[in-house]
Amino acid sequence: MAAKQGSGAYIAKLAITLLGICVVCAGLLGLVNAVTKDTIAQTAYNNQQAALAKALPDATFEQVELADSQASYDIEGVTVPILAAYIGKDASGNVMGCVIETGATGFAGVVDMVTGIKADGSVNAISIISSTETSGLGQNASKDWFREQMVGASSPDVKVTKDGGTVNALTGATITSRCVTRSVNASLTLAQELLG
Amino acid sequence: MNIGKQFKEGLLLQNPVTVQLLGLCSVLAISTTLFNGIGMGLSVLVILTCSNIVISLLRKIIPSKIRIAAFIVVIASFVTIVDLLLKAYLPALSESLGVFIPLIVVNCIILGRAEAFAYKNGVLASAIDGVAQGLGYTVVLIILCVFRELFGNGTFGGGLLNGGDGIRIIPEGYPILDLILPVGGFLTCAFLIALSQWLVARMNAKKKEEVAE
């Protein structure tokens, strides 16, 4: 049937063809989603657990409900959002410390990282979960030599050497480095409230 | 049908990156490690081939008035499928390519080949076109990746070899960091385009000489 352009039949034909294609595609996507959903969720969960375990080893974690005032902290005039906080306990239920996940903005997007803080209020370890910083520059924030500089800090005034602190920055521009130190400071501030 | 000619066009004469200048955004953004280059190149190759095949199959059913909308739906579906599969089975690659996999939906290579080739040609020719153009994209991407990684970061095979750090060839502190940054991508890509144009020009000159003799 050669429907005339502009006629109702022609418009209906266009709509039905497009609808048909969309329905088939949607069905296919639903199928792939059903197959991969569990694996993706499992991977995300494993990554998170691995990051928590690195920040505070041998603890079992309980997520903490945060008050509105604890949703983000202003550090050096920059807002550091808190994504989640966990209290870590040992086998007999004693508080070992807490792990705080922050999502501060670096050079190229959010740097999702966790800071593990011991019960005495000092940094145990930090770990980068994901970031899109420049490969070879900001991406080096996940290297041991950089992260270990912040271990042991207990008051929220961690700074790079350029700002009069003790942390050797990754690059001269210090954008990623400052992002990490601010995240650590925000985590330390929150930890003081959580651990009392 | 001329398979050899299609591959020659995809790899050099009508290379999607160096001649058609399509999909440059992702090329410049992700060509920093070998792992990225291979992963992105193969993803585009698979999506391009699949979408070419489907669009060529549907070309008699899709009225030309709604063809762009139909193309986008087909392409977006394949991209989402690849994105989900990568997330599930190759999470490291998915993380490293980030937003550029979903962005293949609007990558002009795929839509360009759908419009320029698959909508007008048979299934087999379209499938070969997808592979040839995809390979052309992958090869350029890998050349850029190897060059930028070696001189910008001093390593080879980052993300793949040596536990993900790559094999260090140039000692730390000596590589030209600018090459890893966007400006290095533009420069490297421009030189590669110049090189491929020179090659094509030389081939044409030789052909003319042969004819003259």
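Student: Which residues of helix 3 of chain B meet which residues of helix 4 of chain B?

Tutor: In this predicted model, helix 3 of chain B contributes B:Ser43, B:Val46, B:Ile47, B:Cys50, B:Ser51, B:Val54 and B:Ile55, and these meet B:Phe71, B:Val74, B:Ile75, B:Phe78, B:Val79 and B:Val82 in helix 4 of chain B. By class, this contact has 11 nonpolar, two polar and no charged residues.

Student: What makes two residues count as being in contact here?

Tutor: The criterion is geometric: the C-beta atoms, placed from the backbone, have to lie within 7 Å.

Student: At what angle do helix 3 and helix 4 of chain B cross, and what is that angle called?

Tutor: The axes of helix 3 and helix 4 of chain B come within 10 Å and cross at roughly 140°. Angles over 145 degrees count as roughly antiparallel and those from 65 to 115 as roughly perpendicular, so a value of roughly 140° falls among the rest, which are called oblique. As for its hand, the crossing in which helix 3 of chain B passes helix 4 of chain B is right-handed.

Student: Why is helix 3 of chain B called roughly antiparallel to helix 7 of chain B?

Tutor: Helix 3 (residues 34–58) and helix 7 (residues 123–153) of chain B pack at an angle of about 165°, with their axes 8 Å apart. Because about 165° is over the cut-off of 145 degrees, helix 3 of chain B is roughly antiparallel to helix 7 of chain B. The crossing of helix 3 and helix 7 of chain B is right-handed, and the residues of their contact divide into 18 nonpolar, 11 polar and two charged.

Student: Which helices of chain B supply the side that touches chain A?

Tutor: The contact between the chains takes 26 residues from chain B and 21 residues from chain A. On the side of chain B, helix 4 (67–89), helix 5 (91–97) and helix 7 each supply at least two residues, and the largest share, 11 residues, comes from helix 4 of chain B. The residues of that side of chain B divide into 16 nonpolar, seven polar and three charged.

Student: How do you know whether B:Ile81 is buried or exposed?

Tutor: B:Ile81, whose place is in helix 4 of chain B, has 20 C-beta neighbours inside 10 Å. A residue is buried at 20 or more such neighbours, so B:Ile81 counts as buried. Leaving aside residues up to four places away in sequence, B:Ile81 touches A:Leu29 and A:Val32.

Student: Is A:Gln42 buried or exposed, and how do you know?

Tutor: A:Gln42 lies in helix 1 (residues 8–55) of chain A and has 11 C-beta neighbours inside 10 Å. The limit for an exposed residue is 12 or fewer, so A:Gln42 counts as exposed.

Student: What makes the phi of A:Asp58 and that of B:Leu21 worth a remark?

Tutor: A:Asp58 has a positive phi of about 65° although it is not a glycine, and B:Leu21, likewise not a glycine, has a positive phi of about 55°. A:Asp58 is found in the loop between helix 1 and strand 1 (60–63) of chain A, whereas B:Leu21 is found in the loop between helix 1 (3–13) and helix 2 (24–30) of chain B.

Student: How do you know whether chain A is compact or spread out?

Tutor: Chain A has three helices and six strands, in the order α-β-β-β-β-β-β-α-α from the N terminus on. The radius of gyration of chain A is 24 Å, well over the 16 Å that the globule rule gives for 196 residues, so chain A is more spread out than a compact globule. The C-alpha atoms of chain A fill a box of roughly 80 × 45 × 30 Å along the principal axes, and buried residues make up 34% of chain A.

Student: And what does the globule rule say about chain B?

Tutor: The secondary structure of chain B comes to eight helices and two strands. With a radius of gyration of 19 Å, close to the 17 Å given by the rule for 213 residues, chain B is therefore as compact as a globular protein of that length. Buried residues make up 41% of chain B, and its C-alpha atoms fill a box of roughly 60 × 60 × 25 Å along the principal axes.

Terms used
Residues are numbered from 1 along each chain as its sequence is written. Chains are lettered from A and ligands numbered from 1 in the order in which they are written. This is a predicted model: local features need pLDDT of at least 70, side-chain atom pairs count only at pLDDT 80 or more; totals for chains, interfaces and linings use all residues. Helices (H or I, at least four residues) and strands (E, at least two) are DSSP runs, numbered from the N terminus. The radius of gyration is taken over C-alpha atoms; the globule rule is 2.2 Å times the number of residues to the power 0.38. Axes are lines fitted to C-alpha atoms, for helices over the stretch in contact, and angles run from 0 to 180 degrees between N-to-C directions. Angles under 35 degrees count as roughly parallel, over 145 as roughly antiparallel, 65 to 115 as roughly perpendicular and the rest as oblique. A crossing is left-handed if the near helix is turned anticlockwise from the far one by less than a right angle, and right-handed if clockwise. Ala, Val, Leu, Ile, Met, Phe, Trp, Tyr, Cys and Pro count as nonpolar, Asp, Glu, Lys and Arg as charged, and the others, Gly among them, as polar.
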